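I opened the notebook to look up ring pairs, charges over rings, a helix crossing and some backbone angles. Entries follow in the order I made them.

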Amino acid sequence: MKRILVTGGAGFLGTRVTSLLADSPQVDLVVSGDLRDSEVPGVVSIRVDVTESEGLADVLRLHRIDTVVHLAAIANPGRDASMEYRVDVQGTANVLAACVEADVHRIVVSSSGAAYGYHPDSPDWIDETDPLRGNDEFPSSRHKRLIEEMLAGARAAHPDLEQVVFRIGTILGPTVRNQVTALWDAKRILHIAGSDSRFVFVWVDDVAAAILRAALGEGPAGIYNLAGDGALSVPEIALRLGKPLLTVPAPALAVALAVGSLLRLTEHGPERIRLLRYRPVLRNDRLKAEFGYVPARTSMQAFEEYVRTHPEVVRA
């Protein structure tokens, strides 16, 4: 019988994970550690601020936690990089240290494909053996790289603490609104000339189900790309939405973003072009063959489900 604490348990993904855990006959206790109260029946809600290290190990010992699912993170990065660092990087360091101190058996961490970075020489399909080159100019990408470097150090220093690390693709869900989906709200879909800018998607229920499997110990420790099969290019997305492409040469877009950032018309500078052109395209073979989880929806099916639950995004 598992006793599990979920950081960020009252969030978008955390709510789904704690709900699955609470329904599992293999789980004795589910604790949501968050600054917000959980509304999931059967889940114990406690206040946990991951940026504060004091008392976190005591909480784990008090509830006799054997497994921690670490989901607390900044979902939609903005301008406050220092705050994002405190939550994402320092928060992970605090949770990791508390797990070691309290003799937790396993930690499950939601990382991101952004840890690989956005580079023109990235492989067409990235697998878990490819280097982590999260770009310093993108705080969220840099932070994911730093977190994974920290986790690698902990695996060497504390081998008794099992780690399951998911490098997650772009999550879609019925209530998702983020920087990626915002690209689809315009009348024309932005397309950088000469780049297909492929996306890998994963439906939120697949992410929660994979995390459930990891938390229950049904999949082996390790690092896994978590995404649906296949990928969609920007032209394919535009075609499905019934919207024309706005194809812009990269140099022209760089100038427009530089001016817009200077005038504070946009929070994005010219460096954002890398995010649009060189997205990491995640291969999920290891997830299926070694971890034992096959996503129920492909990237295309996850996108179709997003369209079904957000009909306003399709051109009338």
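**Entry 1: a buried pair.** I began with Tyr224 and Phe291, and both are buried. The model is predicted, which I keep in mind throughout. I then searched the whole structure for aromatic pairs and got nine.

**Entry 2: Tyr118 and Phe138.** I took this pair from the search. The ring centres of Tyr118 and Phe138 are 5.7 Å apart, with 90° between the planes. I logged the pair as edge-to-face. Next I checked where the partners sit. Both Tyr118 and Phe138 lie in the loop between strand S5 (106-112) and helix H4 (139-157), so the pair ties together parts that are 20 residues apart in sequence. Buried or exposed: which is Tyr118? Tyr118 has 8% relative accessibility, so I noted it as buried. Phe138 has a relative accessible area of 6% and is also noted as buried.

**Entry 3: back to Tyr224 and Phe291.** I looked up the geometry of this pair. The centres are 4.9 Å apart and the planes stand at 50°, so I filed the pair as tilted. Tyr224 belongs to strand S10 (residues 222-226) and Phe291 to helix H10 (residues 285-291), so this contact ties together parts that are 67 residues apart in sequence. Phe291 also has a charge over its face: Arg213 lies there, at 5.7 Å from the ring centre.

**Entry 4: Arg198.** Which ring does Arg198 lie over? I found it over the face of Trp125, at 5.1 Å from the ring centre. Arg198 is placed in the loop between strand S8 (189-192) and strand S9 (201-203). Its relative accessible area is 25%, so I recorded Arg198 as partly exposed. I listed its contacts, not counting residues up to four places away in sequence: Asp124, Trp125, Ala231, Leu232, Ser233, Arg279 and Val281. The C-alpha atoms of Arg198 and Leu232 are 5.2 Å apart, while 34 residues separate the two along the chain.

**Entry 5: positive phi.** I turned to the backbone. Most residues other than glycine have a negative phi. Ser197 is not a glycine, yet its phi is positive, about 50°. Ser197 is in the loop between S8 and S9. At 6% relative accessibility, I counted Ser197 as buried. Arg64 was the next one I looked up. Its phi is positive too, near 50°, and Arg64 is a residue other than glycine. I located Arg64 in the loop between helix H2 (56-62) and strand S4 (67-70). Its relative accessible area is 57%, so Arg64 is exposed.

**Entry 6: H1 against H6.** Last, I checked how two helices cross. The axes of helix H1 (residues 12-23) and helix H6 (residues 204-215) come within 9 Å and cross at roughly 50°. That makes H1 oblique to H6. I noted the crossing as right-handed. Which residues of H1 meet H6? From H1 I listed Phe12, Leu13, Arg16, Val17, Leu20 and Leu21. On the H6 side they meet Val204, Asp205, Val207, Ala208, Ala209, Ile211, Leu212 and Ala215.

Conventions. Residues numbered from 1 in each chain as written. Predicted model: local features only at pLDDT ≥ 70, side-chain atom pairs only at ≥ 80, totals over all residues. Heavy atoms only, no water. Phe/Tyr/Trp six-rings, centres within 6.5 Å; stacked < 30°, edge-to-face > 60°. Helix = DSSP H or I, 4+ residues; strand = E, 2+ residues; numbered from the N terminus. Buried < 20%, exposed > 50% of the residue type's maximum accessible area, 1.4 Å probe, protein only. Lys NZ or Arg CZ within 6 Å of the ring centre and 35° of its normal. Axes fitted to C-alpha atoms, helices over the stretch in contact; angles between N-to-C directions. Parallel < 35°, antiparallel > 145°, perpendicular 65-115°, else oblique. Left-handed = near helix turned anticlockwise from the far one by under 90°. Contact = heavy atoms within 4.5 Å.
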